[in-house]
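Have a look at it before reading on.

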Amino acid sequence: MPIVRVALPLPLPQVFDYLAADATAEDVGRCVKVPFGRGERNGLIVALACDADVDGGIDPGRLKTVLHIQRDVLPLPADWLELVAFVARYYHAPLGEVVALALPPGLRRADGVSAEDEDPLLDIGVAGTEALQATRRPSKALALLQALAQDSPPWRRSVVREREGGEAVGDLLRRGWLVPAAEDAQRLDATGSLPALTAEQDGALQAMLADGEGFRSWLLHGVTGSGKTEVYLRLAAHMLTQGRQVLMLVPEIALTPQLEQRVAQRFAAARVVSLHSGLADGARSRGFVQALSGHADIVLGTRLAVFTPLPRLGLILVDEEHDASYKQQEGVRYSARDLAVWRARQRDVPVVLGSATPALETWYHAHNERYALQVLSQRALAAAMPTVRCIDVRRLKLDEGLSPGLLAAIGQRLARGEQSLVFLNRRGYAPVLSCPSCGWVSRCPHCSANLVVHLVDRRLRCHHCGCDAGMPRACPSCGNQDIQPFGRGTQRVEARLAELFPQARVLRVDRDAARTRKQWEGLLATIAAGGADILVGTQIMAKGHDFPNLTLVGVIGADASLHAADFRAPERLFQQLMQVGGRAGRGSLPGEVLIQTEYPAHPLFLHLARHDFDAFARMELQSRRSAGFPPFSHQAMLRADAPALDDALEFLRHARRLADARATEGVRIFDPVPMRMTRLARRERAQLLIESDQRGPLQAFLADWVAQLYCQRSARELRWQLDVDPLEV
Ligand SMILES: Nc1ncnc2c1ncn2[C@@H]1O[C@H](COP(=O)(O)OP(=O)(O)OP(=O)(O)O)[C@@H](O)[C@H]1O
Ligand SMILES: [Zn+2]
């Protein structure tokens, strides 16, 4: 009897063999339901096996039998199976867990997911022509068909559906009176009037088109407001008219509404599928199957979308490629940006990584000819980049963190009817509540962190584990009634600005104000419609937005990041400030950026004021080179967590001994240490860093080591994970 090899979502490295009476090679890539232990599991058939392949000593005849093979949906193609296998190999994660991550839940459960094209192009079929000629009893269906016959075909199903009597469209399809029409790629070209490209945009576009349809990694390094999106859309139009699919990745849900709209307006006839984790299961499964069956023309999505199967793939676009949200921070810790490049190579198509502030790794590759580089140095609309100036706050008296200079600048904007943004990357009212009399502070009971004061709903909230409590009226420790919020977050600045500028409409834009996609869309619409004068925002305001009337960006509280321990902290700060500053003066009005700091002469700020990303990158890479940090080395981090720190450390010490025993040349193994934020959600965390100058030896070492780790018995309640190319060390 045929044997199928099934990847199951379990924290185990192996795949599992089952008997399947009617399985054929056609079933590889299909979802299955199988018996497992005392229950059932859903998995994916990744290969057919023969008796001889079955693991040592098991009598193939005694294998269990699959319960159900999901054959209503197309099997996942070989290149997709290669992709997940690569992810499992590179990130040293169980294949079944990678599959579980990559597949929408509905598909994984082997639910019935309609593979039918939701909005096909339709034409009148042979049966329909016959029906029109024959003498038939009048019916709703016939009336609709006759009405359609007056027009020139083809029509999208959704268009037919909108006509009078359109509910009969399903009936017409069943009778074969209407049939799917051949999709004509020419119809997919951009519609409406397009802006004339700037010389730089055109240069970049022509260079990319001239390079052909094969694999190439491009970095499109364009200053904020240079019109990178327009270049993406032109490239996409080209691929669509060639009959190819386009995959467009965006950092997170925050950016998708604006872009979705732009894409839909640009390509009216194209089928655009958007995929992000905010979608309901059903919608995600449908979008995935649309792409798999080749119906979707454009797939627009967040990091997860990198796993979309695309039989006609012609181009991958990664917008804001530097964004940390491309890296999954739990479970299988993949980088969607890196996988996008891998996929492009695998499928021999171009990939464009776009950013005003590229990741230093990407910038380095682009300046070492591993990636091809295109630069947009000018803004598309605005005459100039915003002016950037530091406000030295060392001798200033601040009003809730706001300097007189910044307040005056906001006042000017108000008088002129322009918008200002105060950027402060800290949500809540104040980072901690404390008692001046006994020294009590609002610690999170589960984390090494403070509970943040949220005055809006009078709660104390941990931003790490999410636990929350009511705000005490008096000090829980000494009873003092005069307990005080210490420091400031967006809510406090918002409140103060509302007092200082009573005539202004102050709008806070952070994750608390935009908890759902709907709320977020509402906020964006308010800002775009000019319904706010002063915005107070966190980093969600720093990304990709385009508000032409916003002319002032004030940055407060940035100094803390100058001294952060992580070697990537300066890179992140620079990116964040350049991005948020880049929101200013994008339209016809000039923009200004004011940065409050105690270190006005810091080189980071000097490069920022000159908009000189390249100089910053060279400086930063120089110091990384001398310290041996990425991209001059490759890293992996083994993390362990347990209720007791000692258990976590002990596991890592043991892992280290195993590592030492199989030490590979060129692989450096560090000592286990507690993580900077040791306690999170009642678990104590520790980590062990592995480093190598070469990827090859590191990967070889990891494969061997992780296989050993799976065999270890460890303390109860201990969990461990490996993070390859960690963003935080
Ligand atoms: N060729 C053009 N002619 C006129 N307007 C343009 C052109 N290209 C882009 N624009 C406009 O310029 C503005 C900035 O473009 P876009 O948002 O694409 O910039 P970006 O490079 O993505 O910037 P950021 O990195 O800051 O997100 C938008 O309003 C866009 O519509
Ligand atoms: Zn907590």
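Here is a short tour, starting with the ground rules.

## Reading the model

This is a predicted model, in which local features need pLDDT of at least 70 and side-chain atom pairs count only at pLDDT 80 or more, while totals for chains, interfaces and linings use all residues. Residues are numbered from 1 along each chain as its sequence is written, and chains are lettered from A and ligands numbered from 1 in the order in which they are written.

The chain has a mean pLDDT of 91 (pLDDT is the predictor's confidence in each residue, from 0 to 100), and 96% of its residues reach 70 or more. For the complex, the predictor gives an ipTM of 0.97 and a pTM of 0.89.

## Domains

The chain is split into domain 1 (3-108), domain 2 (121-180), domain 3 (199-376), domain 4 (387-429 + 488-623) and domain 5 (634-724); such bounds come from an automatic or database domain assignment. Between the C-alpha centres of domain 2 and domain 4 there are 57 Å.

## Around ligand 1

Ligand 1 has 20 residues around it, the closest being Pro195, Thr224, Gly227, Thr229 and Ala380 (a residue is near if its C-beta atom, placed from the backbone, lies within 6 Å). Domain 3 and domain 4 both give residues to this shell, so ligand 1 lies between them.

Helix α9 supplies the largest share of the shell, 3 residues (helices are DSSP runs of H or I, at least four residues, and strands are runs of E, at least two, numbered from the N terminus).

## Two helices side by side

That helix, α9 (residues 228-241), also packs against α8 (residues 199-210) at about 35°, with the axes 10 Å apart. Axes are lines fitted to C-alpha atoms, for helices over the stretch in contact, and angles run from 0 to 180 degrees between N-to-C directions.

From α8, Gln201, Ala204, Leu205, Met208 and Leu209 meet Glu230, Val231, Arg234, Leu235 and His238 in α9 (contact means C-beta atoms, placed from the backbone, within 7 Å).

Most residues other than glycine have a negative phi, and most peptide bonds are trans. Glutamate 369, not a glycine, has a positive phi of about 65°, and sits in the loop between α13 (360-366) and β15 (372-376).

Proline 630 and proline 631 are joined by a cis peptide bond with omega about 5°. Proline 631 belongs to the loop between α20 (613-627) and β27 (634-642).

How values were computed. Two residues are in contact if their C-beta atoms, placed from the backbone, lie within 7 Å.
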